[in-house]
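Please work through the following exercises with the sequence and the model side by side. Each exercise sets a task and then gives a solution in steps.

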Amino acid sequence: MDFDLEELAAIIELLDKADFRHFSFEKGDLRITVSRDGNVPQQPRAATPAAPAQAAPSQRVVADQAPDDDEVVITAPLLGTFYRSPKPGEPPYVEIGDKVAPDTVLCIVEVMKLMNSVPAGVSGEVTKIFAADGELVEYGSPLFAIRTIA
Amino acid sequence: MTTRPARQRVFVANRGEIALRVVEACDRLGFETVLGVSSADRDTLAARRAGRVVVLGGPHAIGSYLSIPAVLHAAVATGCTAVHPGYGFLAERPDFARECAAHGLTFVGPSPEALTTLGDKLKARELAESLGVPVSAGGYASTVAEAAGLAARVGYPVLIKAAHGGGGRGMKLVTSDAELAEAWAPASAEAEAAFGDGTVFLERYVTDAKHVEVQILGDRHGNRIHLGERECSVQYRYQKLVEEAPCAALPEATRERLHDSALRIARALDYVGLGTVEFLYDLHRDELNFLEVNPRIQVEHPVTEAVTGVDLVREQLLAALGEPLSVRQEEVRITGHAIEARITAQDPHQRLRPSPGTVKRWRPPVGGGLRFDSHVYEGYEFPPFYDALMGKLVAWSHDRAAAATRLDDALAGFEIGGVTTSRDLLRSIIRHGDFRIGSVTTHWLNDRFGELIGDGNE
């Protein structure tokens, strides 16, 4: 396995700046797993899209739990960059534990400088955040889990 | 010799068999690939083979394969250096080519200027005319009266064509002044609605014509070559079903004129990459008429690869990245004959209506002189959202008759279950006496359709 040390250094530098708990990286037979809270993360489960069989340089940061039965998963309505706050440095739209209404904005998905706000669509409480700020999210990628209020 | 960076990562902005073809060409060049798919295409063979797959949008092409922002964003965010647009979708869009360049991505195709000129069929016709390339009698008219005058000079039947149509779209055949008067305004309105430009023009309709086309290839160093011609006369509603290389019906002098005409157009456009210059060949008059240029890889490119031995997608990728062509004109040799049959999920007994579904059995033939390009496998759910092409079976042999026999035998041994396909219709075409003697013209399949599917009532 030829692994580029420069590439590894670049990844470590990026990780240092990123807000994450678990990070795993796969390329060929190489696999790097980094965890900030001391737990070895589990493989993403049902809610995440099927990973390509042979992953090229890619990064995926996800919450470590699959949604429960009373949770609704909010997915990306389009491909783009995921932003948790309206502008850099501003507080996020929502945090885990926040109560949301259907029209509450959860995040922004930016596509070629066009900002698309993503509303919750349901009433409830934000229980999980699957994507990391600044990450590329694909169409259909899970973004948030919301425990709905009956 | 080379200025290209050692590492290339190519974004494949297409689907189906051509996406797989591009991924494999990149693999052989040592280039990484990222494939953009719709959510309905996560399970295609190309998605399994690509280095990375990103979901661009939902099943409908408008939100995925046709979305310039989604494709650009995905290509930039995944660190790609080039974009291969395949055919269809964004392949001929000058605005997309420009956006790629603006974001530091090499667009694998000709310049935006060439795409703009060729996208306007009237401009392309004028360019051809200015270069001494033969075009059908006709031209532009701005009013019905002008159009009628023009039609009187060229003689009915005439075709009304949309300037921004192409590939058979936006065309109307009229046979009299009355029909012309009736069709003129709606043709323009339809062109406006379909292509955003209501410009239409007239051309004499060649009744008995073969469709012939020349493969051109250029690089960024001023080299431009042709790789011979293909014949694609077996068409149903302008959709090609069987293609071959070379065209056996052309006299040698006409063939030279054909190749020379194509090269003149390539030179005038300083053409980079692959292109196909299409002509109609009037059998009775031994006359060529320029149709249009397709500025992209063509579905039927494997027949040219089979008789020249040149990997067209490899040349296209390298040319886009600034490498000189690996073949010179004098090195291009046509060896033997190749015929391609397009296997589609279409029901011949329902006038080729699409017939998507689960492919329960899929056993393509293997053997000497055969090639099969396909993204389908046993168990694949053939989606209803896109074109019906399932695969392209190509047979090569030392001469045309042997290639036709080989293709027919191969089709006979192709086991397909679960989905209704065009396979049996393709066999009837290839076995037909008219096809064997090479007399098929572009309206032949429409005329003989009922006979070919064994339905006396058609």
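**Exercise 1.** Which are the buried residues of H11(B)?

*Solution.* The model is a predicted one, in which local features need pLDDT of at least 70 and side-chain atom pairs count only at pLDDT 80 or more, while totals for chains, interfaces and linings use all residues. Residues are numbered from 1 along each chain as its sequence is written, with chains lettered from A and ligands numbered from 1 in the order in which they are written.

Step 1: helices (H or I, at least four residues) and strands (E, at least two) are DSSP runs, numbered from the N terminus, and H11 of chain B spans residues 312-320.

Step 2: a residue is buried if 20 or more other C-beta atoms, placed from the backbone, lie within 10 Å of its own, exposed if 12 or fewer, and partly exposed in between. By this criterion the buried residues are Leu312(B), Val313(B), Glu315(B), Gln316(B), Leu317(B), Leu318(B), Ala319(B) and Ala320(B), so that eight of the nine residues of the helix are buried under the stated definition.

Step 3: taking contact to mean C-beta atoms, placed from the backbone, within 7 Å, these buried residues pack against helices H1 (16-29) and H10 (301-308) and against strands E4 (82-84), E5 (106-107), E10 (209-218) and E13 (273-282), which belong to chain B. Just after H11(B), Gly322(B) adopts a positive phi of about 100 degrees.

**Exercise 2.** Determine how H4(B) and H5(B) are oriented and describe their contact.

*Solution.* Step 1: axes are lines fitted to C-alpha atoms, for helices over the stretch in contact, and angles run from 0 to 180 degrees between N-to-C directions. The axes of H4 (residues 94-102) and H5 (residues 112-119) of chain B come within 8 Å and cross at roughly 175 degrees. This makes H4(B) roughly antiparallel to H5(B), given that angles under 35 degrees count as roughly parallel, over 145 as roughly antiparallel, 65 to 115 as roughly perpendicular and the rest as oblique.

Step 2: Pro94(B), Ala97(B) and Arg98(B) of H4(B) meet Pro112(B), Leu115(B), Thr116(B) and Gly119(B) of H5(B). By class, this contact has four nonpolar, two polar and one charged residues, where Ala, Val, Leu, Ile, Met, Phe, Trp, Tyr, Cys and Pro count as nonpolar, Asp, Glu, Lys and Arg as charged, and the others, Gly among them, as polar.

**Exercise 3.** Characterise the backbone at Phe89(B), Asp270(B), Pro157(B) and Pro246(B).

*Solution.* Step 1: Phe89(B), in the loop between E4 and H4 of chain B, has a positive phi of about 40 degrees although it is not a glycine; with 21 C-beta neighbours inside 10 Å, Phe89(B) counts as buried.

Step 2: Asp270(B), in the loop between H9 and E13 of chain B, is likewise not a glycine and has a positive phi of about 50 degrees, but Asp270(B) is partly exposed, with 14 other C-beta atoms within 10 Å.

Step 3: a cis peptide bond joins Tyr156(B) and Pro157(B), with omega about -5 degrees, and Pro157(B) lies in the loop between helix H7 (144-154) and strand E7 (158-166) of chain B. A cis peptide bond also joins Ala245(B) and Pro246(B), with omega about -10 degrees, and Pro246(B) is placed in the loop between strand E12 (239-245) and H9 of chain B.

Methods
Contact = placed C-beta atoms within 7 Å.
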